[in-house]
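This briefing is intended for a reader with the sequence and the coordinates at hand.

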Amino acid sequence: VFKTELKDDQGNRWDGFLPSSPEFALKKLLSAGSGSIFTITKSFRNGEGRSSRHNPEFTILEWYHTPGDYMTVAADFEEMMIAINNRMQHSNNTTTLKYQGKEYSLKAPWERISVADAFLKYADIDTETMLDSEKLKVASKKKGYMVLESTTWEECFNQIIANEIEPKLGVNGPTIMYDFPVSQAALAKKAKDPRFAERWEVYLAGYELGNCFSELTDWREQESRCKADLEERKKLGKTEYPMDVDFIEALKLGMPDTGGIAVGVDRLVALFADTPSIADT
């Protein structure tokens, strides 16, 4: 997060934080009975660098479909992408997207692969090895990654995802990679296999376009995960901020079964405007 300081005309000062996502605010509204809801707004993330795919300030589309879950939202996203493509091409029936000289098929249903299957297929790592910290560190070292005593399971996991799996996704059309290890989905419901959570990400033409969850509605588990996440931030030396107690109180009112997604609007615009960098959007 970006940390800043709020000041008033009397010289009083408070810590302030730019929002990295509108998620908690929307979930408070869901808990108050809003029903399905969306926003398009600005978000800010520090420490991710700048590239053709990243900018510290970006536009985010976030929506929550209730009643629903992560696969309800997958169908929403498929429909939305086809609708945008039709509008851009002045057609009522096209599922072909042209981007940077290549054609991609948006025809639904899109390719789907679980994280566990992707590790096996593209990195030759089975589920037990993937989920075990020491085994994954050994496997990563054998692959040639720099693995130190201090290297964490998450660092190994992300290196393999970024270098060996993501480049294979979304090559001919969108790919939805689903069911992430539960530690990688602090705000998502657990899947049938409790080692995993109901989360997916969607990839196309080198872009990760959206991150979706079946939203966690159990306030006790959410409070526990929030505390663990803040503790982990402290351990890693990241910017610390207080827990949003109002969010937990809102969940106590009872949040309905909901699927939610955050989508990078700048990346969508780059795709449909056929430009190679979000700087142009």
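Glu-249 and Lys-252 stand 3 residues apart in helix H8, so about one helical turn separates them. Their side chains form a salt bridge, with 3.0 Å between the closest N and O atoms; the term denotes a side-chain nitrogen of Lys or Arg within 4 Å of a carboxyl oxygen of Asp or Glu. The model is a predicted one, in which local features need pLDDT of at least 70 and side-chain atom pairs count only at pLDDT 80 or more, whereas totals for chains, interfaces and linings use all residues. Residues are numbered from 1 along each chain as its sequence is written, and side-chain values use heavy atoms, with hydrogens and water left out. Helices (H or I, at least four residues) and strands (E, at least two) are DSSP runs numbered from the N terminus.

**Salt bridges**

- The structure contains 15 salt bridges.
- In the Glu-249 to Lys-252 pair, Glu-249 is partly exposed at 40% relative accessibility, and Lys-252 is partly exposed with a relative accessible area of 40%. Here buried means under 20% relative accessible area, exposed means over 50%, and partly exposed lies in between (1.4 Å probe, protein chains only).
- Arg-195 and Glu-128 are joined by a salt bridge of 3.1 Å, N to O. This pair links distant parts of the chain, 67 residues apart: Arg-195 belongs to the loop between strand S8 (175-181) and strand S9 (196-204), and Glu-128 to helix H4 (residues 127-131).
- Arg-195 is partly exposed at 35%, and Glu-128 is partly exposed at 49%.
- A salt bridge also connects Lys-189 with Asp-257, whose closest N and O atoms are 2.8 Å apart. Because Lys-189 lies in the loop between S8 and S9 and Asp-257 in the loop between H8 and strand S11 (259-264), the pair ties together parts that are 68 residues apart in sequence.
- Lys-189 has a relative accessible area of 24% and is partly exposed; Asp-257, at 45%, is partly exposed.
- Glu-23, Lys-27 and Glu-215 form a network of salt bridges.

**Helix packing**

- Two packed helices are described by the angle between their axes and the distance between the axes. Axes are lines fitted to C-alpha atoms, for helices over the stretch in contact, and angles run from 0 to 180 degrees between N-to-C directions.
- The axes of helix H1 (residues 23-31) and helix H8 (residues 245-254) come within 8 Å and cross at roughly 25°. H1 is therefore roughly parallel to H8; angles under 35 degrees count as roughly parallel, over 145 as roughly antiparallel, 65 to 115 as roughly perpendicular and the rest as oblique.
- H1 passes H8 in a left-handed crossing, meaning that the near helix is turned anticlockwise from the far one by less than a right angle.
- On the H1 side, Phe-24, Lys-27, Lys-28 and Ser-31 are in contact (heavy atoms within 4.5 Å) with Asp-246, Phe-247, Ala-250, Leu-251, Leu-253 and Gly-254 of H8. The contact comprises 5 nonpolar, 2 polar and 3 charged residues, where Ala, Val, Leu, Ile, Met, Phe, Trp, Tyr, Cys and Pro count as nonpolar, Asp, Glu, Lys and Arg as charged, and the others, Gly among them, as polar.
- For helix H3 (residues 115-123) and helix H6 (residues 153-165), the axes come within 10 Å and cross at roughly 60°. H3 is thus oblique to H6.
- Val-115, Ala-118, Phe-119, Tyr-122 and Ala-123 of H3 make this contact with Phe-157, Ile-160, Ile-161, Glu-164 and Ile-165 of H6. By class, the residues are 9 nonpolar, no polar and 1 charged.

**Buried residues**

- Tyr-104 lies in strand S6 (residues 102-105) and is buried, at 8% relative accessible area. Its C-alpha is 8.6 Å from that of Gly-170, which is 66 residues away in sequence.
- Glu-78, in helix H2 (residues 70-88), is buried with a relative accessible area of 8%. Leaving aside residues up to four places away in sequence, Glu-78 touches Ala-108, Pro-109, Trp-110 and Arg-112.

**Backbone features**

- The peptide bond between Thr-66 and Pro-67 is cis, with omega about -5°; Pro-67 is in the loop between strand S4 (57-65) and H2.
- Ala-108 and Pro-109 are likewise joined by a cis peptide bond, with omega near -5°. Pro-109 lies in the loop between S6 and strand S7 (111-114).
- Gln-100, although not a glycine, has a positive phi of about 50°, and Gln-100 is partly exposed at 43%.
- Ala-205 has a positive phi of about 55° and is buried at 12%.
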